Amino acid sequence: MRLKCFLGLMTMTLIIGSLNGCYSTADGGTKAGMPWLKDSVVGRYERPVDQIFEAAIEVIRFNGAIESENSINHSLIGRIDTRKIWVQVQEESPTITRVEVQSRTKYGRPDVDLASEIEKQIALQLMR
């Protein structure tokens, strides 16, 4: 009886341990959380990288606070309410710039709705 309980407990521990994982953040790091779920939104614009990066900074500041700003690889880390936001701006071609916005809760669950909203606000900020 004790052996069955012990084996059952060990099996459950292995199953729970295998469900946890790490996900990659938009700025190139990794965090603990659910890696298989969609958590980011990508937008492409015909604007220079610096202009889009400045628009992303304004949007994050308007909605929350910037935790980290890397002007070398054009990435931002911000916090909006209890959500963490990562923004990566990259040049795809001389005329096209790619913006990736990623959002997660404090427990590592994805929040694609917030990421989509921030990406839309960046596009609207570029219109000004």
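## A note on charges in this model

At 42% relative accessibility, Glu67 counts as partly exposed. Keep that residue in mind, since we come back to Glu67 in point 3. One thing to remember as you read: this is a predicted model.

1. **The overall layout.** Let's start with the big picture. The protein has 3 helices and 7 strands, and along the sequence they follow the pattern α-β-β-β-α-β-β-β-β-α. There are 128 residues, and 37% of them count as buried. If you take the contacts with a separation of 6 or more, 50% come from residues 24 or more positions apart.

2. The structure holds 7 salt bridges. What is the background here? Side chains of opposite charge can pair when their charged atoms come close. Our friend Glu67 forms one of these bridges with Lys84, and their closest N and O atoms are 3.5 Å apart. Lys84 sits in strand 6 and Glu67 in strand 4 (residues 65-70), so this pair ties together parts that are 17 residues apart in sequence.

3. Next, find Glu92 and Arg44. They form a salt bridge whose closest N and O atoms are 3.0 Å apart. Glu92 is in the loop between strand 6 (83-91) and strand 7 (97-104), while Arg44 is in strand 3 (residues 40-45), so the two are 48 residues apart and link distant parts of the chain. Glu92 counts as partly exposed, with 42% relative accessibility.

4. Is Glu100 buried or exposed? Glu100 is buried, because its relative accessible area is 17% and the cut-off for buried is under 20%. Its salt-bridge partner is Arg98, with the closest N and O atoms 3.6 Å apart. Arg98 is buried too, at 18%. Through shared partners, salt bridges join Arg44, Glu92, Arg98 and Glu100 into one network.

5. **A negative patch.** Finally, which residues form the negative surface patch? They are Asp50, Glu54, Glu58 and Glu69. Helix 2 (residues 49-63) gives the most to this patch, with 3 residues. Asp50 is in helix 2, and Asp50 counts as exposed because its relative accessible area is 53%, with the line for exposed drawn at over 50%.

How values were computed:
Residues numbered from 1 in each chain as written. Predicted model: local features only at pLDDT ≥ 70, side-chain atom pairs only at ≥ 80, totals over all residues. Heavy atoms only, no water. Patch = residues over 30% accessible without salt bridge, like charges linked within 9 Å, V, L, I, M, F, W, Y side chains within 5 Å. Areas by Shrake-Rupley, 256 points an atom, 1.4 Å probe, with all protein chains shown as cover. Salt bridge = Lys/Arg side-chain N within 4 Å of Asp/Glu carboxyl O. Lys, Arg positive; Asp, Glu negative; His and termini not counted. Charge placed at Lys NZ, Arg CZ, Asp CG, Glu CD. Helix = DSSP H or I, 4+ residues; strand = E, 2+ residues; numbered from the N terminus. Buried < 20%, exposed > 50% of the residue type's maximum accessible area, 1.4 Å probe, protein only. Contact = heavy atoms within 4.5 Å.
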